[in-house]
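Dear colleague,

Please find below the structure that I am handing over to you. My notes on what was found in it follow directly after.

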Amino acid sequence: MSNEENDYLDGLGAVAGTTTAAGNGNGNGNGVGDGDDDGGLAAVNSEPILGGQTMAQISSNSQVEGNVSPTGHLDDNDNQINHNNTASNSHNFDSNRNSPTKSPTSRRAGSSTSFQIQHHNAHNYDDDDDDLATGDLQANNTAAAAAVAAAVGGGIGRASGGGIPDYWQQRNGAAGSISGGAGAQSGHQSRALSPSYLDNMSENSEQPPVVPLTRSKSRPEISSAAASRYSNLSYWKARRVVFYRNGDPFFPGVELRYRPGRDVTSLDNLLDKISPKMDLPRGARYVFSMDGDRKYHLDELEDGAFYVVSSFKAFKPASYGKKNGMWYASPGNQGWGSKPASRKPSIMEADLGTLSTTSGSIKRSAGRVIRIINNLDHSVQPFEEVLEDLGQVLKINGAKKMYTGTGQEVRSFSQLRNEFADVDTFYLATGTALIAGSPIRRSRSRPSVVAAAPILPTEELPKVPLRGTRPRSKSRPRILYAPESEILRPNGEYTMLDIMKEEPTKVTIRGLRRTFYPPVHHAPAENSPPDKKLQLQWVHGYRGIDARRNLWVLPTGELLYYVAAVAVLFDRDEDAQRHYIGHTEDIMCMDVHPSRELVASGQKAGRDRKSQAHVRIWSTESLQTLYVFGMGELDTGVTAVAFSQLNGGSYILAVDSGRESILSVWQWQWGHLLGKVATLQEGLSGAAFHPLDDNLIITHGRGHLAFWHRRKDGFFERTDIVKQPSRSHVTSVQFEPDGDVITADSDGFITIYSVDSDGAYFVRTEFEAHNKGIGCLIMLGEGTLLSGGEKDRKVAAWDSLQNYKKIADTKLPEAAGGVRTIYPQRPGRNDGNIYVGTTRNNILEGSLQRRFTQVVFGHGRQLWGLAAHPEDELYATAGHDKHVALWRKNKLIWTIQTGYECVALAFHPFGTALAAGSTEGHLLVINCDNGAVMLTLRVCGSPLNCVSYNQVGDMIAMGSQNGSIYLFRVSRDGFSYKKVNKIRGSQPLTHLDWSMDGNFVQTVTIDFDLLFWDAKSLSPERSPIAMKDVKWLTNNCTVGFLVAGQWSNRYYSSTNTIIATCSRSSAHDMLASGDAEGYLRLFRYPCISPRAEFHESKVYSGMLACVRFLCGDHTLITVGGTDASLMVWDIVEE
């Protein structure tokens, strides 16, 4: 030991009187300091040897009387000295502390050599704590403070030149080698006691203050910049920040306390610290504010603020920190600098709260939510048994009565719900004693309670034993309750009403009653409709698979066509769409008024009165419905609709699709029915007015071509041109300028009919135009006839002025399909540019002289697969046409042709790979960047109906038609797969969800049974009660407690609605639902009650196959299943 150090210790001993603590720098526990320079740190052992008059080391749990001050507290984890020793702070000590013979030993024998002087508002000590003898401690506060300063300030680290650091300066402690007890700790930083702390100790003891010591000159001087930095109080203040996990509103939050520049030097350093506690797929990489603003620097984080941490750049808005009407508290073991975990409070402590010594008010704390369930039949127990079981939980023997705070007895569940619905607190009792006021009992670990609040006499309190000896009944299941440290109620603890009101929900689906059990914690259920509504933004595809004559060009240049129940007006120049959504069922036919400003469209009949077959006439400019006719007159649908030509479109015809195929003519401005006739043609597919005679109508279909002349009395005269048993199907009808009729049939022939002088029709000419069927005919203004073949995919031009001599032809690409409809791009112009609608639901544009390019892409057959990208507003679709396509809202990014019909899709969490399940049991892995198929696996021989990755992306689960779950291990960002095993089942699976922790999978069967699977033990989970508190990554399963309100809803038009698909938003506040009748509904989430209101749209007539929210919850995507329609919806404020 250097001479300066000896002088320092001698001076310190002189100031402290006769009390001097000598420590060994090597921590050997003998209390004797050696003379080595390595012993710069004075190690204070749990039983130090004191030289001179005895001075005891005082732990935080010891009593201080008279003029004795605590000198330190050994702590294994902390190396900070808390300076919050103010006069308002108070300690509670046990009265049994007058033994003059107890030796002053520390209560906790630790091996660390760092001091911590802690002070809490209300310390409580056990009766068996070590006591200090007042007579043994005669040293004054000054001596004690000096001894603490010598041990703490003088031995923090190894000072350069052997000097002792000055404990008056507030600065970084020297980083030195700290050794003691079991090992060495390096790199720790400490700071000395502030002068204010010693001044307070001096004032209490009425002793003169300690004279500050001068710092050794061997210590290097501090620069002016560093001095100004150290004098800044904000540099020393620790910041408290709470972080939430992106997209998970149920995450309780991670609390971090740090000092900028000391504990955490950069934002990357902070993210490294919290990554192990956030459980993110790629670790903590990005920090956002609660509004979604990204934080780039550590200085942007404010004290006491809340932030969201993500592995990806996309911020997902959610109700972070608040669920079920309560705020989540950060768990005590998740923050740096948090208090050590203590024992959980008992039920009575949680119910009664703790008393504050300052205000005398009761401090509320969270209680436990308990549900008592009979294991035999899963029904709710009788009220008396519930009281008995609650008594066992509270350790009350023979609990038979329940009282309110005013002494009223509760006798039944109905009384609890109705009469005492507003009562928050109930008490259990063993007898008939009434309760007056709130009972208060002391905790077993607290020797005394400060009587700041009025306390009732003991004889008025219920007899609540502290410890019950009755064991729990083995015939009842274990009580299911939530940990009381996870949530905080804003206005008190759980009440008995809260415990009993969450009953299982029972839903009847297809005649079978199913029971779903509620989780302990979930967001509050609201029956009001959501604040946002759906607005149709884009419709992909075109209905060419089963419809003809369904493409027009309006005077504005917009393309007019229909998909499902929506009429689409597509402006290619503006890249925008307008939609007419007045229909409630699929549009079956359409025609444009001669003025090209009005449109007539007919729909099929639905199941209710609101969806009857009818015809709507609407404006192309305002999209307003002008007239509706045919309600009650048309049976199952409208096969054909057409305006008259000669009188300016005053008449309109409609053909019913029923068995009799009734043809009716209307004067639509007045709604008058001019006449109707039963054509009795089952295969009738079209009808049209003759352009030169408004009373002459031509109908055509399978083995049918007839002329109908309407007389003035309303009757029709029929002339059959083609009739049974002809097998030819007349597919299209056009007219020459002089009135001759041109027809095309399914055999590839074009026939021209003329009228002789007697009014009889005869075949003027007939020729073979295409190989097999002809899809459509259109006569251009200059006398050129265009025909399109359905099978040979050819578009041919014929000159009607030269006896239909062939001018030219071209062939469409194979991927586009055959020709359904042809229409000129600029009607009235002879430029040869045309639009072609194909049998594979595509629209092409081009001419006979140049190549055709794709304008509208749609899936050619049934469309079932849909998946949303996890980080971007991208989505993928797949269908029975063996195409897989990637979209960005209204733009097609790429499409590929695979060798399998795909019905299920899932994006890897990293967004790099796309998994597709086929109808033949194959799993295809596609690169999302370029659409290349990277891998094809044969999983089973049955269709893979549902596919999903877990949250971290290292496992994929596939639900099969054979009822089994197939699990594969995933690596290399989703491009490497290894089969783990399969979990056998029996019922076909339709939907699948992973749990948040990746341990469980829930599925829905074709019979709407909710099944659970353990992915770790590879076995089905039989108990739905045990799975009710599991949090799920997605909510694509259509049945369950939190989505039960979408079944048997009282506001549905049909009582037997079958929910086909659903999807939960990433913010957990909305639920999109689609049913088998084509209704799309938007609920609040959770949707529990059948009285839940919703926003509804009806744009499909068949089953709505799949619905998904895109990243950000601003867009919703729906696919239509059998009609292959794909629609994009904007979620806008109502």
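**Salt bridges**

At 56% relative accessibility, R411 counts as exposed. Please note that this is a predicted model. R411 forms a salt bridge with E409, and their closest N and O atoms are 3.2 Å apart. E409, by contrast, is buried, with a relative accessible area of 19%, because the cut-off for buried is under 20%.

In total, the model holds 33 salt bridges. Another of them joins the side chains of D740 and R764, with an N to O distance of 2.7 Å. This pair links distant parts of the chain: D740 is in the loop between β41 (730-735) and β42 (741-745), and R764 is in strand β44 (residues 761-768), 24 residues apart. D740 counts as buried at 10% relative accessibility, whereas R764 counts as partly exposed at 37%.

E901 and R861 also form a salt bridge, the closest N and O atoms being 3.4 Å apart. E901 lies in the loop between β56 (891-897) and β57 (902-907), and R861 in the loop between β52 (853-856) and β53 (863-868), so the pair ties together parts that are 40 residues apart in sequence. R861 is partly exposed, with a relative accessible area of 44%. Finally, R240, E255 and R257 are linked in a network of salt bridges.

S412 is found in the loop between β18 (409-410) and α9 (413-417). The residue is partly exposed, with a relative accessible area of 25%. Its C-alpha atom is separated by 8.6 Å from that of P382, which is 30 residues apart from S412 along the chain.

Helix α8 spans residues 383-393 and is mostly covered, with 8 of its 11 residues buried. Among the buried residues are F383, V386, L387 and L390. The helix is followed by K395, whose phi is positive, near 60 degrees.

**An open sheet**

Four strands form an open sheet in the order β33-β34-β35-β36, with antiparallel pairing. β33 (638-643) and β36 (672-678) stand at the edges, each with a single partner strand, so one side of each has no neighbour in the sheet. From one strand to the next, the twist averages 15 degrees. β33 pairs with β34 (residues 651-656) over 5 bridges in the antiparallel sense, and V638 stands opposite D656 in β34.

**T1005**

T1005 is found in strand β66 (residues 1000-1005) and is buried, with a relative accessible area of 0%. Leaving aside neighbours within four places in sequence, T1005 is in contact with Q987, P988, L989, T990 and L1011.

With kind regards

Methods
Residues numbered from 1 in each chain as written. Predicted model: local features only at pLDDT ≥ 70, side-chain atom pairs only at ≥ 80, totals over all residues. Heavy atoms only, no water. Helix = DSSP H or I, 4+ residues; strand = E, 2+ residues; numbered from the N terminus. Buried < 20%, exposed > 50% of the residue type's maximum accessible area, 1.4 Å probe, protein only. Pairing = 2+ DSSP bridges. Axes fitted to C-alpha atoms, helices over the stretch in contact; angles between N-to-C directions. Contact = heavy atoms within 4.5 Å. Salt bridge = Lys/Arg side-chain N within 4 Å of Asp/Glu carboxyl O.
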